[in-house]
Amino acid sequence: MRTPWEPVPRPHALIFSGDAVGLEWRLHAALNHWRVNKVNLRREFFHAMPADVRDLLQKTAGQHLLEYRDTPEALEWHQLVHTKAAAGRAESRT
C-alpha cells in the first residue's frame, strides 16, 4: 500500500517539438476522458494505462517521439521500496 506522498514510477517519454504548448494541449484533449479531477482542470492527472499513453504519443508526436519507456529507472522509488521492506523486516524481528 502507498501513502499519497510516495512517488510512483511513471512512464517516461522524450519528445522534441517546435510547438510544445500545442502538443501538450492536444495530448490533454485526447486524455480528457481519463482525467482524475474534472472540476479543477489545472490538476493534470489522468487514469491511463502506459500502453494507451504510448499509442497516443506515437499518434500525436509521431517521429518527434525520441524515447518512450513504460518502466523508467525510478531509482529513488526503488530505494524507498527497499528501505521500507528492510524496516518492516527489522520491526517484525522485535
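**Helix packing and histidine surroundings in a predicted model**

Alanine 30 is found in helix H1, where helices (H or I, at least four residues) and strands (E, at least two) are DSSP runs numbered from the N terminus. The model here is a predicted one, so local features need pLDDT of at least 70 and side-chain atom pairs count only at pLDDT 80 or more, while totals for chains, interfaces and linings use all residues. Residues are numbered from 1 along each chain as its sequence is written, and side-chain values use heavy atoms, with hydrogens and water left out. With a relative accessibility of 31%, alanine 30 counts as partly exposed; buried means under 20% relative accessible area, exposed means over 50%, and partly exposed is in between (1.4 Å probe, protein chains only). Alanine 30 sits 7.9 Å from leucine 56, C-alpha to C-alpha, although 26 residues separate the two in sequence.

As for the overall layout, the protein has 3 helices and 2 strands, and the order from the N terminus on is β-α-α-β-α. Of its 94 residues, 15% count as buried. Taking contacts with a separation of 6 or more, 56% come from residues 24 or more positions apart, where contact means heavy atoms within 4.5 Å.

Next comes the pairing of two helices. H1 (residues 20–31) packs with H2 (residues 50–61) at an angle of about 140°, and their axes are 11 Å apart. Such axes are lines fitted to C-alpha atoms, for helices over the stretch in contact, and the angles run from 0 to 180 degrees between N-to-C directions. H1 and H2 are therefore oblique to each other: angles under 35 degrees count as roughly parallel, over 145 as roughly antiparallel, 65 to 115 as roughly perpendicular, and the rest as oblique. On the H1 side, the contact is made by Leu23, Arg26, Leu27, Ala30 and Leu31, and on the H2 side by Leu56, Leu57, Thr60 and Ala61. Sorted by type, the residues of this contact come out as 7 nonpolar, 1 polar and 1 charged. In that sorting, Ala, Val, Leu, Ile, Met, Phe, Trp, Tyr, Cys and Pro are nonpolar, Asp, Glu, Lys and Arg are charged, and the others, Gly among them, are polar.

Several of these names turn up again in the largest nonpolar core, whose 8 residues are Leu23, Leu27, Leu31, Leu56, Leu57, Ala61, Leu65 and Tyr68. A nonpolar core is a set of buried Ala, Val, Leu, Ile, Met, Phe, Trp, Tyr and Cys residues joined through side-chain atoms within 4.5 Å. At least two residues of this core come from each of H1, H2 and strand E2 (65–69). Leaving aside residues up to four places away in sequence, leucine 57 touches Ala13, Ile15, Leu27, Gly62, Leu65 and Tyr68.

Histidine 28 belongs to helix H1 and counts as buried at 18% relative accessibility. Beyond residues up to four places away in sequence, histidine 28 touches Arg35, Glu44 and Phe46. Histidine 33 is in the loop between H1 and H2 and is exposed, its relative accessible area being 54%. From histidine 33 to phenylalanine 46 it is 13 residues in sequence and 8.4 Å in space, C-alpha to C-alpha. Histidine 64, in the loop between H2 and E2, is partly exposed with a relative accessible area of 34%. Again setting aside residues up to four places away in sequence, histidine 64 touches Leu14, Ile15 and Phe16. Glycine 18 lies 46 residues from histidine 64 in sequence and 9.5 Å from it in space, C-alpha to C-alpha.
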